[in-house]
Amino acid sequence: MVVGGAPDRCTRAEAAKKVALFALDALHCVKNFRTPNGSRINIRAGIASGAVVAGVVGNVMPRYCLFGDTVNYASRMESSSKRNKIQVCELTKSLLMAAAGQSFELRERRDIKDQTGAYLKGKGWRETWWLSGTSSPTCGCAHKPSKVCDKHDAEIQAAVPLELDLERPGDTTSGPIKAPNKQHWSLLGQDLFDAAHHGLVEVVINLLEYRLLDLESSREGANGILTKGVREELRALVFEILSMYNDVNFHNFKHSCHVTVSMNKLLEITSSTRSEMSIPGWYWSDEMVCFAMVFAALIHDVGHLGMPNKILVDLGHDLAHKYENKSVAESNSIDIATDLLLNGDYPHLRASLFKSQDETNAFIMLIRVAVSSTDIACKDNMGECKELLECAFGLKEGVDQAEIKDLQEYHAFNLSMLNNLDATQLDATLLCQNCAFLQLLVQAADVAHTMQPFEMFIRWNYRLYKEQQALHASYLLPTNPSDNWARNDIGFFDFYVEPLAARLCHLSPSDLDELSMLSKYTKQNRDRWSKYGEQITELMVRGVESSEDEDKTIESILRVCYSSSERQKPWVPVRNRAA
């Protein structure tokens, strides 16, 4: 238990602000903390405001203690709170809204039946609020105070001098939902490198809101709007996902944002092909597929420890035991994300997304199909993806139509049964084609940097090298990654990236004009890496060993890779180009 305003007295608003900031710091600390075996610790918090009596009690072991109804109230606020959330009472909420020098993000607690607040033992139903974060004031000028609850207005105004009031930022959940910028594939993700996490979150939230609005508008009798409650919960969910990404060099939240915007673009590019595979009467619509794929891209590496599955298995990690040594990181990401969405405090979001249990099951099926396919280091997993693809589109030579049909029905049955769906009346061919094609899309989005301009490829390649080198420095990776880095990347292009781009183009003749860009950039990057890969690797090694600024290392690499005539063009690090 902590207290604000004692023993050094301060205004009530200042005391509430101090406790709120402490609670947010504590929550941030545990969300990023991992035990030696990689496990997480979860906490919940509650804040109440009011008068307390303080004093030292005890003779043998004197202790400084607090007494009074506010102490009991705070305890009830904590016990009725939720995992990794901070619940505040109505008075605390009003004090925080009037606090000087800080703007707090607060939203009213509501359940699926639109019941506000929570039941507190000994106090009954009380209106409560979730405290989710802070944002800095937009200017340093004095402004009129924010409107607070009339019930506490006089009490607060007496405690907070007018000259300390500030302007609150605008409400981000009440404005219109903007269509995402339609960037060209070659420019995609350039603005992510310098963006702070808050800026990245706004990009992701905008994409998810846009896709969810499409889904809501497509339903019969829908009014085509997202309520404020839905938008607030979607926003809170994205921030919670952000908090569960680890601070590693490559498999981090910034990478997931790049994969997310790439996935959204691929969905746009392949709209004609996907419309030809639509399944009449199935549990998902094209709008549901699009939202699910953007969400899958966002969460595909959540909880990633910066270690390949092989290292987790070799270490005997708890996660490896939990998932029986199969697709460990991917399975963990799926479970984290689905648990958050289905069991977290997001009742309005779930009600907007799912109109039945079958729709919920079908959505989870899409997430599993997509994220599991990103375990490209597992031969068995890649073999299953290849078999599904070949039987879905009849790509395997020497197999008659009857055998192909049997395989399709086998895969359709397994996919449906694993997710508690009835596929007896379904076209097995269409289900297999949908799942196989979506796997190709998420695999392409996951390595989109290899299919984009060389500058983009180099920056992400360097970050992956740094992540691998950190494992080697920690004695978790026995072989120095620099030994075979250049040669291994040639193999990665030849045996994975180029075939992946070619398969997408082959299966999408209706969208070939735009998809051909993927093959074009893949070939250009492979050729340039083949020529300069050894020199680039040397510069990467030097950059890591000298702790050189990443921008300087990237600039040194580009100087080597571009001719003097090409240097006349805007070849400087891609993030500095105008989008």
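Mentor: Gladly! Keep in mind that this is a predicted model. Let us start with Thr-70, which is buried, with a relative accessible area of 13%.

Trainee: Why does Thr-70 count as buried?

Mentor: Buried means under 20% relative accessible area. Thr-70 has 13%, so this residue is counted as buried.

Trainee: Where is Thr-70 placed?

Mentor: Look in helix 2, which covers residues 69–79.

Trainee: Which residues does Thr-70 touch, not counting residues up to four places away in sequence?

Mentor: Thr-70 touches Ala-48, Ser-49, Gly-50, Ala-51 and Val-52. Ala-51 comes up again in another way: the side chain of Thr-70 reaches the backbone oxygen of Ala-51 at 2.9 Å.

Trainee: Now for the backbone. What is the phi of Glu-324?

Mentor: Phi of Glu-324 is near 55°, and this is a positive value in a residue other than glycine. To find Glu-324, go to the loop between helix 11 (318–322) and helix 12 (328–343).

Trainee: Is Glu-324 buried or exposed?

Mentor: The cut-off for exposed is over 50%. Glu-324 has 69% relative accessibility, so Glu-324 counts as exposed.

Trainee: And what should I look at in Asn-420?

Mentor: Try the phi angle again: for Asn-420 phi is near 55°, a positive value in a residue that is not glycine. Asn-420 sits in the loop between helix 16 (401–418) and helix 17 (428–446). Its relative accessible area is 61%, so Asn-420 is exposed.

Key. Residues are numbered from 1 along each chain as its sequence is written. This is a predicted model: local features need pLDDT of at least 70, side-chain atom pairs count only at pLDDT 80 or more; totals for chains, interfaces and linings use all residues. Side-chain values use heavy atoms; hydrogens and water are left out. Helices (H or I, at least four residues) and strands (E, at least two) are DSSP runs, numbered from the N terminus. Buried means under 20% relative accessible area, exposed over 50%, partly exposed in between (1.4 Å probe, protein chains only). A polar contact is a pair of N or O atoms within 3.5 Å; within protein, one must be able to donate a hydrogen and the other to accept it, and residues adjacent in sequence count only if both atoms are side-chain atoms. Contact means heavy atoms within 4.5 Å.
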